[in-house]
Amino acid sequence: MICGRILRLLASAALAAAPFALHAQSQPAHVHGQIKLDVVVDGPTVVITMEAPLDNFVGFERAPRTDDEKKAVDEAVAKLRAADTLFTIDPAGNCKLGPVELRAPVLGLGATPAGAPSAGHADLDATFAFNCASAAATRFIDVGLFTAFKGPRQIEVQIVAPQGQFKRTLKRPNARIAWSK
């Protein structure tokens, strides 16, 4: 039941984010220190999708080679899976963490996309779903990515919410994505 709802939500998120597609095509896809977040508030859920260079989280963009690198990957993955410590959603929404999907084929997370290059710049992408009692009441999310990881310097955010569509940029130390109409 929840899985089907999440799939419908992701499909509607893709459609809702379509107005931003032209903007996204005009920017480089892979910028060290930068994270892209799409936030969709729809029905009983808040879904955050993230695109970022793997370097932002572990300091390199390949499979880990040493024990220290393996430890860095394990720690980063654990932090991302505990997304409710990285994204604190406005308490008015009464949201709880739902499914978390991490995608980094170079680390064995998720499937390798068709036609993806086997070497070069690796990303770590994710989808974080939150189930809420009143998602439409949310007006902000406090983002803990700057404190949890050394690499991120800027977060580009696109928001689709009942109040409208918004674009925000966060730079250290600012950590709050806020929207309202």
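These legends describe close-up views of a predicted model. Local features need pLDDT of at least 70, side-chain atom pairs count only at pLDDT 80 or more, and totals for chains, interfaces and linings use all residues. Residues are numbered from 1 along each chain as its sequence is written, and side-chain values use heavy atoms, with hydrogens and water left out.

**View A. The disulfide of Cys95 and Cys132.** The structure holds one disulfide, a term for a pair of cysteine sulfur atoms within 2.5 Å. Cys95 and Cys132 form it, with S to S at 2.1 Å. The pair links distant parts of the chain, 37 residues apart: Cys95 is in strand E4 (residues 95-103) and Cys132 in strand E5 (residues 125-132). Helices (H or I, at least four residues) and strands (E, at least two) are DSSP runs, numbered from the N terminus. The link is right-handed, with 105 degrees about the S-S bond. Both Cys95 and Cys132 are buried (under 20% relative accessible area; exposed is over 50%, partly exposed in between; 1.4 Å probe, protein chains only).

**View B. The aromatic pair of Phe57 and Phe149.** Two aromatic pairs occur in the structure. Rings of Phe, Tyr and Trp (its six-membered ring) pair if their centres lie within 6.5 Å; planes under 30 degrees apart count as stacked, over 60 as edge-to-face and the rest as tilted. Phe57 and Phe149 are edge-to-face, at 4.9 Å centre to centre and 85 degrees between the planes. Phe57 lies in helix H3 (residues 55-58) and Phe149 in the loop between helix H6 (145-148) and E7, so the pair ties together parts 92 residues apart in sequence. Phe57 is buried at 8% relative accessible area, and Phe149 is buried at 5%.

**View C. The aromatic pair of Phe87 and Phe128.** This pair is tilted: 5.1 Å centre to centre, 45 degrees between the planes. Phe87 sits in strand E3 (residues 87-89) and Phe128 in strand E5, 41 residues apart. Phe87 is buried, with a relative accessible area of 2%. For Phe128, also buried, the value is 0%.

**View D. Charges over the rings of Phe149 and Phe140.** Lys79 lies over the face of Phe149, 5.2 Å from the ring centre. The charged end of Arg176 sits over the ring of Phe140, 3.7 Å from its centre. The criterion is NZ of Lys or CZ of Arg within 6 Å of the ring centre and within 35 degrees of the ring normal.

**View E. Gln158 in strand E7.** Strand E7 covers residues 154-161 and includes Gln158. Gln158 is buried, at 14% relative accessible area.
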